[in-house]
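Please read the following with the model open beside the text. The paragraphs go from a group of charged side chains to the packing of helices and then to the chain as a whole.

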Amino acid sequence: MILSQFPKTKTEKFNTTSSWKNPLIPSIQFINYCNNVGVSPLALSNKPIAAETICSLLEAARWTASCYNEQPWHFIVPIQENPTQFNQLLSCLVEANQVWAKHAPVLMIAVAKLNFENEKNGNPNCHAIYDVGAAVCSLTIQVTSLGLFVHQIGGFEGLPRRENYTIFQRGMSQ
């Protein structure tokens with residue numbers, strides 16, 4: 001997924017504060033608002049996203065319900081200010097996505113832990129992918145509430161190399 005701000009000309013059209021009271025518990029009115037402004041602009045702003053903002057997005061994902069509260073998700077979040085990590089994840093996208101994704105200030109990939117922790121004896125968690133999707137949904141709602149946008153992508157040429165990310169050594173799957 002790609003995280004960015006709307007280009008300056010689009011920003012003024014969206015007022016995200018009017019119906020938003022609690023950033024972790026959206027109202028039906030706010031969800032309807034999110035669906036109405038859930039656009040994917042053709043131009044990205046390369047203005048950096050503050051670390052505090054990224055943390056609030058990940059916090060929204062963290063509060064998502066999951067099977068046995070397992071929270072089987074992790075996010076890899078490289079930012080443009082760290083070109084080595086950013087380019088590492090960017091290189092996993094198909095060339096057509098790289099052309100425009102390279103301008104985004106933040107890239108994210110969600111990964112799922114496919115087995116339960118020790119109290120479930122490491123058995124397969126057949127709900128892990130669903131739970132990760134729910135966490136991404138919560139994160140996406142938070143993105144929209146902050147007047148930012150997220151563009152979900154699936155065009156990968158290669159998956160992130162496992163040796164580059166320590167979470168894969170703990171049974172995670174992309």
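**Charged side chains and helix packing**

E70 has a relative accessibility of 8%, so this residue counts as buried. The cut-off behind that word is a relative accessible area under 20%. The model is a predicted one, and the values below are computed from it.

E70 has a charged partner: its side chain forms a salt bridge with K113, and the closest N and O atoms are 3.2 Å apart. This pair joins distant parts of the chain, since E70 sits in the loop between helix 3 and strand 2 (73-76) while K113 belongs to strand 4 (residues 109-113), 43 residues apart. K113 is also buried, because its relative accessibility is 10%.

K113 has a further partner in E117, and the two side chains meet in a salt bridge at 2.3 Å, N to O. With a relative accessibility of 36%, E117 counts as partly exposed. Taken together, E70, K113 and E117 form a network of salt bridges.

How many salt bridges does a search of the whole structure find? The count is three. Besides the two that involve K113, there is one between the side chains of E59 and R62, with an N to O distance of 2.7 Å. Here both residues lie in helix 3, three residues apart, which is about one turn of the helix. E59 is partly exposed at a relative accessible area of 29%, and R62 is partly exposed as well, at 41%.

The loop that holds E70 has two further residues to look at. Most residues other than glycine have a negative phi. Y68, however, is not a glycine and has a positive phi of about 55°. N69 is likewise a residue other than glycine, and its phi is positive, near 55°. Are these residues buried or exposed? Y68 counts as exposed because its relative accessibility is 58%, and N69 counts as exposed at 54%. E70, in contrast, is buried at 8%.

A charged residue can also be buried without such a partner, as D131 shows: this residue is buried yet has no salt bridge. Which side chain of opposite charge is nearest to D131? It is K113, at 9.9 Å. D131 lies in helix 6 (residues 128-145). With neighbours within four places in sequence left aside, D131 is in contact with A65, S66, C67, P72, W73 and N125.

Helix 6 also packs against helix 3. Two packed helices are described by the angle between their axes and the distance between the axes. For helix 3 (residues 51-62) and helix 6, the axes come within 7 Å and cross at roughly 140°. Helix 3 is therefore oblique to helix 6. The crossing in which helix 3 passes helix 6 is right-handed. On the helix 3 side the contact is made by S56, L57, L58, A60 and A61, and on the helix 6 side by A135, S138, L139, Q142 and V143.

The chain has six helices and six strands. Read along the sequence, these elements follow the pattern β-α-α-α-β-α-α-β-β-α-β-β. The chain contains 174 residues, and buried residues make up 40% of them. Of the contacts in the chain with a separation of 6 or more, 71% are between residues 24 or more positions apart.

How values were computed
Residues are numbered from 1 along each chain as its sequence is written. This is a predicted model: local features need pLDDT of at least 70, side-chain atom pairs count only at pLDDT 80 or more; totals for chains, interfaces and linings use all residues. Side-chain values use heavy atoms; hydrogens and water are left out. Helices (H or I, at least four residues) and strands (E, at least two) are DSSP runs, numbered from the N terminus. Buried means under 20% relative accessible area, exposed over 50%, partly exposed in between (1.4 Å probe, protein chains only). Lys and Arg count as positive and Asp and Glu as negative; His and the chain ends are not counted. A salt bridge is a side-chain nitrogen of Lys or Arg within 4 Å of a carboxyl oxygen of Asp or Glu. Contact means heavy atoms within 4.5 Å. Axes are lines fitted to C-alpha atoms, for helices over the stretch in contact, and angles run from 0 to 180 degrees between N-to-C directions. Angles under 35 degrees count as roughly parallel, over 145 as roughly antiparallel, 65 to 115 as roughly perpendicular and the rest as oblique. A crossing is left-handed if the near helix is turned anticlockwise from the far one by less than a right angle, and right-handed if clockwise.
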